[in-house]
Amino acid sequence: MTGKPYRVALSPESGRLIDPTRRLSFTFDGQRMTGFAGDTLASAVLANGQRLFGRSFKYHRPRGLLGLGSDEPNALVGIGEGTRHEPNLRATQVELHDGLVAVSQNRWPDLRLDVGQLNQLASRILPAGFYYKTFMWPQSFWEKLYEPVIRRAAGLGRAPTGWDPDTYEHINVHCDVLVVGAGAAGLAAAEAAASRGAHVILADENPRLGGLADIGGGLIDGHAPIDWARQTAASLAAATNVHILTRTTVWGHFHDNFVGLFERLGDQNPGLTGTPRHRLWKVRARHVILATGALERPVPFANNDRPGIMLSTAARGLLHRYGVSPGSRGVVFTTNDDGYRTALALAKAGVPIARVLDARAEVDCELADLTREANIPVSRGMAVSNVATSFGGLGITGITAVGYRPGQGRVTSHEQIACDFVAVSGGWNPAVNLWSHNGGKLKYDEQLATYRPDAHSAAMCAVGAANGTFALPDILEEAYAAGEALSGAPRRHRPRAHQREISPAEPVWFVPATGKSNEGNKHFVDYQNDVTVADLELAVREGYQSIEHVKRYTTWGMATDQGKTSSVIGLGIVSGAIHKPVPQIGTTTYRPPYTPISFGAMAGSHAKHLFIPVRRTPINAWHVANNASFEPVGHWRRPYCYPRPGEDRHAAVNREILVVREKLGLIDASTLGKIEIKGPDAAAFLDRIYTNTFSTLKVGRARYGLMMNEAGFLFDDGVTVRLGPDHFLMHTTSGGADRVAAWLEEWLQTEWTQDKVYVTNVTEQWAQFAIAGAKARALLEKLGTDIDLSPEALPFMGYAMGTLAGTPIRLFRISFSGELSFEVATPAGFGRGLWDAILTAGQEFGIGPYGTEALHVLRAEKGFIAIGDETDGTVTPLDLGLDWAVSKKKPDFLGKRALELSYLKAPHRKQLVGLLTELPDEILPDGAYAVEQILPKPPMTMIGQVSSTYWSPTLKRSIALALIKDGRARMGTTLSFPVGGDKVIRAKVVEPIFFDKEGTRQNV
């Protein structure tokens, strides 16, 4: 050992990826450290003598490295400062750069002395599922004690604060073949697929290609596999039909070979400008070849989570790639041949190996013989059952070795071996996550003691270790054959591979503890969530038989690593607990993403002011210049009111209402949904969409219509105009245009495909204004128009097309205010000019703009409903007294049959009524509950709620609309509304029309 505590002497076989001439400085938890270019954060921190990387979630136990890459469950860190801070990154995948700032997570006040580790003292009363029982009683504890504690304890890491300064982007591409993973299998498959011109995307989550070729052993064409991998990668990079993506995780596979890729571009170069930090690729592939390799699994034994205990490949990879040893003296515990490779590699680098413990009673492999020849002690039929720990459990000082026989139960004979690290190899699990995302089936391989993909499909196949094929010659044969089959290429020359014969592995699901204290030890299965063997066995004892139920009860496999190292081990343990073979238990479900991806990547460019683009009408600049106070309406920003100097919003709204009632008002209604429906079947189509009939509507006339969903509940409303025999213009609510247009298209494309109908959303193509007040007709005449405005030629609910002030318009005689009203629509480009002309001409009539709040008071005075106020997704037209708008003659329309359901015809449903408070100046709160009877304390029987409530300057009193149980039968009665504390407001139930019930003002 030389240099830093765990950096070995560099050689062609130790530290292949690092450049010792480029020293980098970084900090970990505020401690300044150094590393080399090519290091990961994990290798650099370990090289500085720091084994402790984090704390577990539940017990806050000290944790060190376990894996080599995306399988790492322990070393989760936060990277960067301020707004560039990103939590929950795996230290094994964080590339070191100069000035990198890293912090550990889930600890307080610091990593070495964490108060949370006191949870271990209470571990006996914190078993799996304890929260399902503990937090149920007493009920009063939930808000005062349980919830605050849970909220403080929840989560890993901390979220950044402030705006993220980085950029992110999305890319949509197609390809013939997507190869996932660039190890030996992926490189071979990509080379074969590209050989006849197929467009190939090759993606790998690592910064360089080759996978485990540098540590896997064997020869390809007489050379080390890593040399062949480099040569093949260079050839593919030079090909014009191959696109190579490194640092790119294929995180999800969906229907029709739609695949999500997550590329990290700026993490390793934070100062790089003009490059997005992350990129989300949306790939549609004709074929997908999974060459995702396999993940090594650990073996649970007592205290197997202590820093210094890691996977065999992690120990070997640290050495070969970064020149870092896991410790100064080690033990290798293996159930298969691969562990011997680690022992040989470490010994050759000068790291003493005290013992190789092989759980197999009979071992016949060349690697074992080579290990003995290297004077490394080998013990067959032996296992690690426990470890001796240093102070605080921050490391280990030795292990307890025991004789192992499958199914023998607990043993008492043991041997102590001094060491400070253990490299564990419990076998291999094909990385089948992506295979399973879209319903791919798995089969259990008894020889491998793991699950592998079942029959391949034309759209996806797995090759190499991902398919359970581990011998290097077989891997290449399988991969080349898959690539050639997809590209249609003839059989080509394939490199010859050689690898020492692999003897069968021994499935070891866990090794029981030994000695007097064996009951108090923990055998960890899921490291991040602190799930132990005892937790899984407890779940079985408590009656959980379904493996998915066991998973949720214990949280096994639900951490950020998605059970990469724990899933199959857990199946083996449950198998033993319920005495069923593993294949009969089934598997848990892998779901995307394969590894966590950033919110920035998911959002792409749809962030900050582009997150939800604000839609503005052609008159928006005028509104801003005239001090409009805006409110969001869907994606639009509409003027709520126009306060004058010295006015608050309430006073402004009152003034605007009286302007409409007494003079002349103008409102920008451009946000109303406008959908053109055209075609020979348009009328019949609308008859099925609306509750009332539109096929009888005459050209040039308009009709108010209601839409219900299939459940019979009110969905949207608006006025639809017949522009021509086969041409209709549908008006919808401002926030509902896109939703309604999609709704119409859904029915046309999935149910009524025979209809010849075209639906076009033209909301933003037209500016539209409502001119409301007794002088509206006079104003239009003053502006000059070729349209006959007389009541006979253009009656209420009439339509005409012509010009106004020299501007092309559509003119509608409709009213939402109850006053004489005309709605003027003009192409958006003419909107501002016509608006200014209307205001100029209207000065002699006292015209004034009014906003959405004044409009709502005006409509409430008339008893007109507003979707979203008088509707909540459970209201029918009958509840609102709109029976007249529901056809009794049409054979069918959406929701008709639902209205016949007994619960929608029940006599005691909530119905729309008006309310007048006993004290005229008292305004009911919006949403206030009406109760059957006031009681000294809750609960009280609720019989309805206020849906809209306003002060009416027209009536000089408050008014309200409400949905009240049996409302129409309660006319004239007085209801009570408790509104907080001891205050109760009483209001009389009246008809929901408060002003001009006969409608004389709008019909002049």
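**Figure 1. Three strands form an open sheet in the order β20-β21-β22, with antiparallel pairing.** Strands here are DSSP runs of E with at least two residues, helices are runs of H or I with at least four residues, and both are numbered from the N terminus. Two strands count as paired if DSSP finds at least two bridges between them. The edges of the sheet are taken by β20 (382-389) and β22 (415-418); each has a single partner strand, so one side of each lacks a neighbour in the sheet. From one strand to the next the twist averages 30 degrees, where axes are lines fitted to C-alpha atoms and angles run from 0 to 180 degrees between N-to-C directions. Seven antiparallel bridges connect β20 with β21 (residues 396-403). Within this pairing, M382 has G403 of β21 as its bridge partner. The model is predicted: local features need pLDDT of at least 70, side-chain atom pairs count only at pLDDT 80 or more, and totals for chains, interfaces and linings use all residues. Residues are numbered from 1 along each chain as its sequence is written, and side-chain values use heavy atoms, with hydrogens and water left out.

**Figure 2. A salt bridge joins the side chains of R63 and D305 at 2.8 Å, N to O.** R63 belongs to strand β4 (residues 62-63), whereas D305 sits in the loop between β15 (294-296) and β16 (309-311); the pair thus links distant parts of the chain, 242 residues apart. R63 and D305 are both buried. A salt bridge requires a side-chain nitrogen of Lys or Arg within 4 Å of a carboxyl oxygen of Asp or Glu; by this rule the count comes to 48 salt bridges. Buried denotes under 20% relative accessible area, exposed over 50%, and partly exposed the range in between (1.4 Å probe, protein chains only).

**Figure 3. The side chains of D338 and R316 meet in a salt bridge of 3.1 Å, N to O.** This pair links distant parts of the chain, with D338 in helix α7 (residues 338-348) and R316 in helix α6 (residues 312-322), 22 residues apart. D338 counts as buried because its relative accessibility is 8%. R316 is likewise buried, at 3% relative accessibility.

**Figure 4. D879 and R909 form a salt bridge whose closest N and O atoms are 2.8 Å apart.** Both residues lie in the loop between α22 (852-861) and β44 (910-917), so the pair ties together parts that are 30 residues apart in sequence. D879 is buried at 5% relative accessibility, and R909 is buried at 17%. Elsewhere, salt bridges that share partners join R84, E86, D166, D267 and R277 into one network.

**Figure 5. W108, V115 and L118 make up a nonpolar patch on the surface.** Patch members have over 30% relative accessible area and no salt bridge; nonpolar side chains (Val, Leu, Ile, Met, Phe, Trp, Tyr) are joined within 5 Å, and like charges within 9 Å. L118 is located in the loop between β7 (100-104) and α2 (130-134). With a relative accessible area of 53%, L118 is exposed.

**Figure 6. C365 is buried, with a relative accessible area of 4%.** C641 is buried as well, at 0% relative accessibility. A disulfide is counted where two cysteine sulfur atoms lie within 2.5 Å, and by this rule the count comes to zero disulfides.

Key:
Accessible areas come from the Shrake-Rupley method with a 1.4 Å probe; for residues, only the protein chains shown count as cover.
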